[in-house]
Amino acid sequence: MTSNTTRVVTFGVGSMGSGMTLHLASLPSYEVLAYDAWTPTLERFVDNYASTVPTSHPRQQDLIAKQRSVKSVEDLVNPFAGSPPDVVIFMVVNSDQVKDLLLSGPSPYAKTLPSTTTVLIMATCAPSAILEIDAAKSELCGGGGCRVVDAPVSGGPVKAAAGKLSIMLSEPEDMSLPYVPMLKDISGGGETLFMIPKLEGKTTSLGAGSMAKAVHQLLAGVHISSACEALTLAKNVGLDLECFYSLVVTAAGNSWMFQDRGRRTIDAMMSKDAAIKSRVPIFVKDLNIVIGEAKAGATPMAELALSKFERAVEMGMGGEDDSQLWKVFDDDFSHVVDVAEEPRHHLRLHNDLCRAFFVKFDIGDTTLAHKHACDSVYIFLCPDGANVNNHVQGTGCGKDFMEFGEVRYGEHCECPLVHKITSLEGPGGVVCVDAEILASPPKMGKPEVEEMSGHELVKLRKKVRVFKLALAPGQELDYQYSFFHLIVVAKNGKLQVNDSYTAEKKPGDMQFGEPAGFSTKVKNVGDSEFSWFIIQWREY
């Protein structure tokens with residue numbers, strides 16, 4: 001350190017490390033350089049660094065040129081015009097990364113640092129890992145070498161960039177050491193710099209800061225989990241999410257995590273892009289530290305929260321922001337009902353061959369978790385289509401679009417479908433018919449009709465054929481269905497039947513029919529196209 005300049009090297013410039021390091025680089029009393037093993041992260045940092053170092057800094061151009069040349073740990077050996085750093089900061093993911101960067105390789109970085117350099121471990125690590133790193137450093141450097149201090153942080157990317165992190169510093173013996181004023185510069189002038197005394201029964205304060213951070217992360221992880229659980233419940237019981245969020249942040253149920261993560265949770269629930277600021281695996285790591293440092297059974301809430309984060313990883317959410325933990329709670333299929341008991345599925349018809357439901361629910365509504373155990377024909381009747389989240393048990397959510405007139409077939413006998421459907425913002429809510437194929441029809445001993453005049457074959461499966469009939473205004477047709485069948489009306493219309501009576505039809509109207517020995521004449525006497533679908537039961 002020169003009389004008025006502190007030289008700093010940072011390892012790890014992710015969301016928090018970058019903001020904190022750039023804040024230091026913007027202050028004229030620091031010379032700052034950084035490295036990140038992930039090339040895209042390092043390149044992003046370099047782009048921001050060039051515009052951050054103040055033009056008034058006497059070494060601005062030299063520092064920018066040096067930072068652009070940094071491609072490896074070796075490039076940060078005595079990087080300040082041949083001089084070593086005064087402070088080395090580790091803002092990496094875990095203690096293993098600290099060990100790899102500081103202690104590993106043919107020329108460990110720790111061996112290049114003089115005793116006057118302080119290594120600040122600001123990542124969340126187990127207290128035992130801090131002691132292991134210090135012991136390994138001492139052995140590597142013959143009992144001497146750089147000073148190791150743990151000073152984990154909290155606050156998120158916004159506070160990091162503003163220099164207002166909360167820092168849990170293992171209480172130093174000498175407050176005049178150069179890293180102490182530096183920590184004040186990134187903690188609001190020291191307002192949120194907390195000196196953590198040595199733990200009871202310990203001879204050194206080393207690791208005390210990390211123990212405080214571990215206990216803090218118990219709260220943080222549980223608060224994220226409870227916030228996501230509460231917002232999932234609010235969504236599923238039909239509360240207005242924006243209104244509920246505004247209520248909570250002014251009331252006793254609020255927490256920093258609810259206010260911060262809750263905003264991104266709601267964005268995702270409403271199908272908006274949610275920023276990634278803190279990925280799910282971070283709390284898998286942190287809560288394992290909590291549980292590992294505690295006595296067995298002493299942290300039941302942490303263990304429960306950890307199970308939710310671990311479940312999120314199992315669901316493929318390792319790359320998502322931890323505010324998306326709500327998907328785990330929405331994945332709760334502990335209470336599954338038969339489709340007939342799901343209140344949005346209205347039973348319209350039931351016989352030995354068929355069970356048919358008319359399904360309708362509005363935007364923002366979510367069905368109960370329900371099971372389809374029979375092969376089914378689904379006919380979508382949403383006038384302008386519908387955007388949905390199809391949440392299938394064990395696979396998470398997938399967005400889907402239900403197009404008007406689309407026909408799908410689900411094979412559920414051998415592998416039942418257990419899912420929940422949420423109607424998302426878009427053209428309209430969900431309207432469809434779910435027709436279950438309960439049994440093969442009686443054998444008729446007649447060959448199957450290949451074609452039917454005026455009918456379009458739209459789906460062919462082992463158990464069914466599905467046809468579509470469309471009639472323009474004034475158009476008429478004679479038909480004879482020589483098979484067991486279900487008619488499902490797709491569009492409103494007025495039909496004249498056998499020149500004898502007129503019938504008003506609306507979407508979702510159903511009629512089950514047996515093989516007929518006579519034909520029926522229908523004429524569209526309405527002002528717009530009329531259409532229906534015919535599901536034929538095939539012998540199998």
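Guide: Before we start, please keep in mind that this is a predicted model, and that a residue is called buried when its relative accessible area is under 20%, exposed when that area is over 50%, and partly exposed in between.

Visitor: Are Asp286 and Lys285 buried or exposed?
Guide: The side chains of Asp286 and Lys285 meet in a salt bridge, with 2.8 Å from N to O. To be called buried, a residue must have a relative accessible area under 20%. Asp286 and Lys285 are both in that class, that is, buried.

Visitor: How many residues apart are Glu436 and Arg355, and in which strands do they lie?
Guide: Glu436 and Arg355 form a salt bridge in which the closest N and O atoms are 2.6 Å apart, and both of these residues are buried. Glu436 belongs to strand S18 (residues 430-437) and Arg355 to strand S11 (residues 354-361), and the pair links distant parts of the chain, 81 residues apart.

Visitor: How many salt bridges does the count come to?
Guide: Some salt bridges are joined to one another, and one network links Asp260, Arg261, Arg264, Asp321 and Asp322. With side-chain nitrogens of Lys or Arg taken within 4 Å of carboxyl oxygens of Asp or Glu, the count comes to 28 salt bridges.

Visitor: What volume does the largest cavity have?
Guide: Rolling a probe the size of a water molecule over the atoms shows where empty space is left. A search of the whole structure finds 1 cavity of 30 Å³ or more. The volume of the largest cavity is about 70 Å³.

Visitor: Which helix and strands each supply at least two residues of the lining of the largest cavity?
Guide: The lining is made of 11 residues, and Lys235, Trp326, Asp330, Asn389 and Thr422 lie nearest the centre of the cavity. By class, this lining has 4 nonpolar, 4 polar and 3 charged residues. At least two lining residues each come from helix H13 (326-330), strand S14 (386-392) and strand S17 (417-423).

Conventions:
Residues are numbered from 1 along each chain as its sequence is written. This is a predicted model: local features need pLDDT of at least 70, side-chain atom pairs count only at pLDDT 80 or more; totals for chains, interfaces and linings use all residues. Side-chain values use heavy atoms; hydrogens and water are left out. Buried means under 20% relative accessible area, exposed over 50%, partly exposed in between (1.4 Å probe, protein chains only). Helices (H or I, at least four residues) and strands (E, at least two) are DSSP runs, numbered from the N terminus. On a 1 Å grid over the protein atoms alone, a cavity is a set of points where a 1.4 Å probe fits but cannot get out, and a pocket is an open set with protein on both sides within 12 Å along at least five of seven lines; lining residues have an atom within 4 Å of a point. Grid points are joined across faces, edges and corners, and a volume is the space filled by probe spheres set on the points. Ala, Val, Leu, Ile, Met, Phe, Trp, Tyr, Cys and Pro count as nonpolar, Asp, Glu, Lys and Arg as charged, and the others, Gly among them, as polar.
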